[in-house]
Amino acid sequence: MNRDKGVTGPAGFRAAGIAAGIKASGAPDLTLVVNDGPNTAAAGVFTTNAVKAAPVLWSQEVLKQRSLKAVVLNSGGANACTGPEGFQDTHATAEKVAQVLACGAIEVAVCSTGLIGERLPMGNVLSGVDTAVGALAADDTAGLNAATGVMTTDTRPKQSWQAHERGWSVGGFVKGAGMLAPNLATMLSVITTDADVDKDTLDAALRAATRRTFDRLDVDGGTSTNDTVLVLASGASGVRPSAEEFTALLTEVSADLVKQLQGDAEGVTKEIAITVTGAATEDEAVHIGRIVAEDNLVKTALFGSDPNWGRIAMALGRAKARIDPDQLSIVINGIRVMDKGTRGEDRANADLSGREVDVVIELALGHGEATILTTDLSHGYVEENSAYSS
């Protein structure tokens, strides 16, 4: 996987990331991605939170056409819980992009991220669109700038690109460091491809990919008001892959983006993978893994490098899923600390001194299996989130 390229890796795309003055710090805060075609197929998945930001409502509506010419994204303000005025701001942003690109506003998706409850400085946003259009380019630097322009509490830009041997590729960027517990999406991500993919195939592939990647990351149980993942297909390679080929590569790139999200989560000191095997169904495996991933007692124990398997057993026992305590086993970094309902090997043998932690929960009830990625609950996480609005 190549992390030196992103949305401009596939042919047919230009991008820019600039400082529009939305952030008081003067850091980059506005990104534009443009699909130059020849095709403009697009698909998106969004937060299931009932409190949806204005740009989510707008983008959900325009994606009904499954066609996008451009995506404009800002950091420095979520434009969530801002009432009708906030939706008008989103509409105005799309209209501005449409004007300068000579397309329709219905062809422009809008994404925002940042503090909830504040109106955006629209003068800066709209003038920033002009600046971004002037900075559009198809090179790797432009792709990296685009990934940088959406950062909030992220410490580094996150992008990925992978080519297929048949001459087409998938690339993308993602932002997010906290409030990560999505259903179908996580924070903001734009993914591009130069494959010739029809609208229905693109939509199905995105849903299949996000289900096993973005939806399997759970940092803190907080489903954002702004979560959005978009995929745009230019068709510029002239190659039409099979649905299976395309879904596979899209899933690979998505998985790499998610791994980067996990590694840059707020306050992270442990990157934790919780794998549930032998569940009655895959859905139950996902549910159990998520319950454990969100449990604060588990997360604090792992922050302290304490292989306290009793906390894991307690947490998974709260799940609304089929569990036989007498068949339950837990393995932490290769050490079977719980074996069929009772104490196994000495927990002290489980070395948690490193950053990577693998927890395997064996239910021995069926063939359902899933892995949820999460992080620990550290001093840094608490300190960062206690001061976010200030």
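Student: Which strand holds Ser189?
Tutor: This is a predicted model, where local features need pLDDT of at least 70, side-chain atom pairs count only at pLDDT 80 or more, and totals for chains, interfaces and linings use all residues. Residues are numbered from 1 along each chain as its sequence is written, and side-chain values use heavy atoms, with hydrogens and water left out. Strands (E, at least two residues) and helices (H or I, at least four) are DSSP runs, numbered from the N terminus. Residues 188-193 form the strand with Ser189, β8.

Student: Is Ser189 buried or exposed?
Tutor: Buried means under 20% relative accessible area, exposed over 50%, partly exposed in between (1.4 Å probe, protein chains only). Ser189 has 1% relative accessibility, so it counts as buried.

Student: How many residues of strand β4 are buried?
Tutor: Ala70, Val72 and Asn74 point one way, Val71, Leu73 and Ser75 the other, and all are buried. Strand β4 (residues 70-75) is therefore largely enclosed by the rest of the structure, its buried count being six of the six.

Student: Are α8 and α9 roughly parallel or antiparallel?
Tutor: Helix α8 (residues 296-303) and helix α9 (residues 309-316) pack at about 160 degrees, axes 9 Å apart. Axes are lines fitted to C-alpha atoms, for helices over the stretch in contact (heavy atoms within 4.5 Å), and angles run from 0 to 180 degrees between N-to-C directions. Under 35 degrees is roughly parallel, over 145 roughly antiparallel, 65 to 115 roughly perpendicular, the rest oblique. The pair is therefore roughly antiparallel.
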